[in-house]
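Let's take a friendly walk through a protein fold, with a stop at a few of its helices. Have a look at the model below before reading on.

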Amino acid sequence: MINIKQFHAAVTSLMQLLPMSKQLTGSALTMAWDTFPERAKIDLTDQILLFAVQQRVLDTEPPKGMAPHIALLRYVYPVDRTIRRERGEDVISDQPMVQRGLRRDLAQRMATPDRFHEPGPVPQEQVSSEHLRLCAGQAHWNPSHMQPEELNAHVEQVAEEMRLIWDRGMDGFSWGTQQLATGRWWLHRALQGWWLLGCDGMGDHAAAWILRNPKQAAAMLEKAKAGALPPPAEVDVLPVGSVLGSLRGSNCNRGQ
């Protein structure tokens with residue numbers, strides 16, 4: 001879940017980075033927050049919001065005729081793509097389908113935030129309701145709707161996955177800072193009930209962080225078992241403004 005302060009920081013930083021963009025007034029920022037989908041306020045975290053802003057900066061063909069704060073949703077939700085002809089050219093329109101929940105491949109995309117990921121439609125897949133509950137993080141499967149015994153059973157499943165990771169031991173791969181940060185975030189959300197560690201292929205990132213930070217991982221597990229695990233926004237996450245500031249002067253906005 002994101003709050004108005006995180007939202008304002010992300011949108012303000014984005015508008016400062018984009019060429020030819022107008023700075024938003026306080027009243028415009030308030031209106032942007034009021035018109036931001038409620039579902040997105042619940043689904044998004046500050047890291048997901050940061051990823052969306054990074055993708056917009058990298059996008060050399062941003063959408064036309066779409067409010068910038070709504071356009072951010074194209075990078076984290078499935079889109080309904082339509083193509084129309086205007087003045088002899090094809091114009092692509094991607095409408096974010098917030099009601100479907102976050103993209104099922106979002107975690108893989110967030111593992112490489114410095115690379116642009118085309119916000120194309122997600123293939124219609126036949127998946128079980130259990131897989132949706134554990135992997136998609138959709139609103140009607142929000143962990144807050146789980147019964148205590150369900151959440152406890154889920155945490156025990158994650159704990160068993162962690163024990164298997166520790167039994168397996170250290171891997172021989174080299175992991176970057178961003179990849180390890182994504183792994184920590186993935187574990188944190190898994191312990192909150194959103195998914196299992198291995199969902200959508202992100203288990204390797206989580207395992208890498210767990211193996212390199214065994215005491216922190218164990219402490220996080222104990223907090224989850226006690227129902228005292230804070231949301232990711234309250235732990236060491238990257239501030240939106242500082243990360244976006246590092247993009248200034250780079251070639252990230254080429255072609256804008």
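Predicted model: local features only at pLDDT ≥ 70, side-chain atom pairs only at ≥ 80, totals over all residues.

Residues are numbered from 1 along each chain as its sequence is written, and side-chain values use heavy atoms, leaving out hydrogens and water.

The protein has 12 helices and 2 strands; these are DSSP runs, with at least four residues (H or I) for a helix and at least two (E) for a strand, numbered from the N terminus. Buried residues make up 47% of its 256 residues, where buried means under 20% relative accessible area with a 1.4 Å probe, counting protein chains only.

How do two packed helices get described? By the angle between their axes and the distance between the axes. Helices H9 and H11 pack at about 20°, their axes 10 Å apart; axes are lines fitted to C-alpha atoms over the stretch in contact, and angles run from 0 to 180 degrees between N-to-C directions. That makes H9 roughly parallel to H11, a label for angles under 35 degrees. Contact here means heavy atoms within 4.5 Å.

| Helix | Residues | Contact residues |
|---|---|---|
| H9 | 177-192 | Arg184, Leu187, His188, Leu191 |
| H11 | 214-225 | Gln216, Ala217, Met220, Leu221, Ala224 |

Now for helix H10 (residues 203-212): 8 of its 10 residues are buried, so H10 is largely enclosed by the rest of the structure. Among the buried ones are Trp209, Ile210 and Leu211. Their cover includes helix H8 (148-168), H9 and H11.

Methods
Parallel < 35°, antiparallel > 145°, perpendicular 65-115°, else oblique. Buried < 20%, exposed > 50% of the residue type's maximum accessible area, 1.4 Å probe, protein only.
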